[in-house]
Amino acid sequence: QVQLVESGGGLVQAGGSLRLSCAASGRTFNSYAMGWFRQAPGKEREFVAAISASGGFTYYGDSVKGRFTISRDNAKNTMYLQMNSLNPEDTAVYYCAANRVNTGLGYLRNYGTYDYWGQGTQVTVSS
């Protein structure tokens, strides 16, 4: 069983930055594609970003392109999401997720293909 724990959320002013971390248990982290999703109250879960197992390929949702950067450090079993130029529309609970099998781009944009999820971390952006 893979356990994922997000951290780094909090309150930030519009225009500010936050870096989220996702720490994974287990010894096979480097075989998982990873993703970030977010969900605001009353809204569907939204794709934010994904990264291939080796870190060589990254993908972003249209709403965060140019502002967010996904990365990973497989030696530390940790994935990151650097969020810059935040605005109130970014307010949501952010979840990290691991995909062990379905690692193509078409699958990584779909939350239903992920195998493991963290509990989420709240990001609130004030105006």
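Among contacts in this chain (heavy atoms within 4.5 Å) between residues at least 6 apart in sequence, 58% join residues at least 24 apart. Before I go on, a word on the model: it is predicted, so local features need pLDDT of at least 70, side-chain atom pairs count only at pLDDT 80 or more, and totals for chains, interfaces and linings use all residues. Residues are numbered from 1 along each chain as its sequence is written, and side-chain values use heavy atoms, with hydrogens and water left out.

Cys-22 and Cys-96 form it, with S to S at 2.1 Å. Cys-22 sits in strand S3 (residues 18-24) and Cys-96 in strand S9 (residues 92-99), so the bond ties together parts 74 residues apart in sequence. The S-S torsion is about 60 degrees, which makes this disulfide right-handed. Both Cys-22 and Cys-96 are buried, that is, under 20% relative accessible area, with exposed over 50% and partly exposed in between (1.4 Å probe, protein chains only).

Please look at S3 again, this time beside S1. Four bridges join these antiparallel strands; pairing takes at least two DSSP bridges. Ser-7 has Ser-21 in S3 as its bridge partner.

How values were computed
Disulfide = S-S within 2.5 Å. Helix = DSSP H or I, 4+ residues; strand = E, 2+ residues; numbered from the N terminus.
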